[in-house]
Amino acid sequence: MQTAGPVVIDTNVVLDLLVFEDPASAPLRDALARGRLRWLATTAMREELQRVLGYPQIARRLAQRALAPGAVMAQFDALSHRVPAAARAPWRCGDPDDQIFVDLAWAHRAELLSRDRLVLRMHKRLAAQGVRVAAVRAEPVP
């Protein structure tokens, strides 16, 4: 049996996946549902998503889709695998909010899915350590 590859998903990509249902996220959604990827997340990542769901622009989108924040969090819990927070990676991300994603991907040699420009800039340094950084681009929201 093939082991599911570990993946770390930043909050913007999680929003595309669970809130906006961005068509570009369909392959990721399918891979997670079929167990081809093992989404690693920490308590801090869960807390960040919970906080972001309260932002006015996100709350409006949830209301438009008649989607409760609790339902989004339930999907997060169902699809992700909670792991302990990772030690600091040897490199610092220019965006301190994204450091937890870099740290976790580095600690587990997981693929890191992000749309953040500062995370994407780190791809060469991380690739040298066995961490693939993949840019996930959102489709325009109508």
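Which residues line the largest cavity? Select Ile9, Asp10, Thr11, Val14, Met45, Leu49, Phe76 and Phe101, and you have its lining. A cavity here is a set of points, on a 1 Å grid over the protein atoms alone, where a 1.4 Å probe fits but cannot get out, while a pocket is an open set with protein on both sides within 12 Å along at least five of seven lines; lining residues have an atom within 4 Å of a point.

Before you click further, a word on what you are looking at: this is a predicted model, in which local features need pLDDT of at least 70 and side-chain atom pairs count only at pLDDT 80 or more, while totals for chains, interfaces and linings use all residues. Residues are numbered from 1 along each chain as its sequence is written, and side-chain values use heavy atoms, with hydrogens and water left out.

**Stop 1: the whole chain**

Colour by pLDDT, the predictor's confidence in each residue, from 0 to 100. The mean for the protein chain is 85, and 81% of its residues reach 70 or more. Now pick residues 138-142: pLDDT stays under 50 there, and the model has seven contacts beyond four places in sequence for this stretch. (A contact means heavy atoms within 4.5 Å.)

Switch to cartoon view and you'll find eight helices and five strands. These are DSSP runs numbered from the N terminus, with helices being H or I of at least four residues and strands E of at least two. Walking from the N terminus, the order is β-α-α-β-α-α-α-β-α-β-α-α-β. Of the contacts with a separation of 6 or more, 60% are between residues 24 or more positions apart.

**Stop 2: back to the cavity**

The search of the whole structure finds one cavity of 30 Å³ or more. The largest cavity holds about 40 Å³ of space; grid points are joined across faces, edges and corners, and a volume is the space filled by probe spheres set on the points. Helices α1 and α3 each supply at least two residues of its lining. That lining divides into six nonpolar residues, one polar and one charged. For these classes, Ala, Val, Leu, Ile, Met, Phe, Trp, Tyr, Cys and Pro count as nonpolar, Asp, Glu, Lys and Arg as charged, and the others, Gly among them, as polar.

**Stop 3: the largest pocket**

Next, look for an open space: the largest pocket has a volume of about 230 Å³. Select Thr11, Asn12, Glu48, Val52 and Asp98, which are the closest to its centre among the 14 lining residues. Then highlight α1 (11-18), α3 (43-52) and α4 (56-64), the elements that give two or more residues to the pocket lining. By class, you'll count four nonpolar, three polar and seven charged residues here.

**Stop 4: into the core**

How much of the chain is buried? Buried residues make up 43% of the 142, where buried means under 20% relative accessible area, exposed over 50% and partly exposed in between (1.4 Å probe, protein chains only). In soluble globular proteins, nonpolar side chains tend to be buried together.

Select Val8, Ile9, Trp39 and Leu53: of the 38 residues in the largest nonpolar core, these touch the most other members. Such a core is a set of buried Ala, Val, Leu, Ile, Met, Phe, Trp, Tyr and Cys residues joined through side-chain atoms within 4.5 Å. Zoom in on Val8, and leave out residues up to four places away in sequence: its contacts include Leu40, Met45, Phe101 and Leu112.

Hop over to Leu62 in helix α4. Leu62 is buried, with a relative accessible area of 4%. Beyond four places in sequence, Leu62 touches Val19, Leu53, Leu67, Pro69 and Val72.

**Stop 5: a few loops**

Ser25 sits in the loop between α1 and α2 (26-33). Is Ser25 buried or exposed? Ser25 counts as buried because its relative accessibility is 1%.

Ala66 is in the loop between α4 and α5 (69-79), and its phi is near 50°, a positive value in a residue other than glycine. With 71% relative accessibility, Ala66 counts as exposed.

Finish at Arg109, in the loop between α6 (99-108) and β4 (111-114). The phi of Arg109 is also positive, near 50°, and Arg109 is partly exposed at 39% relative accessible area.
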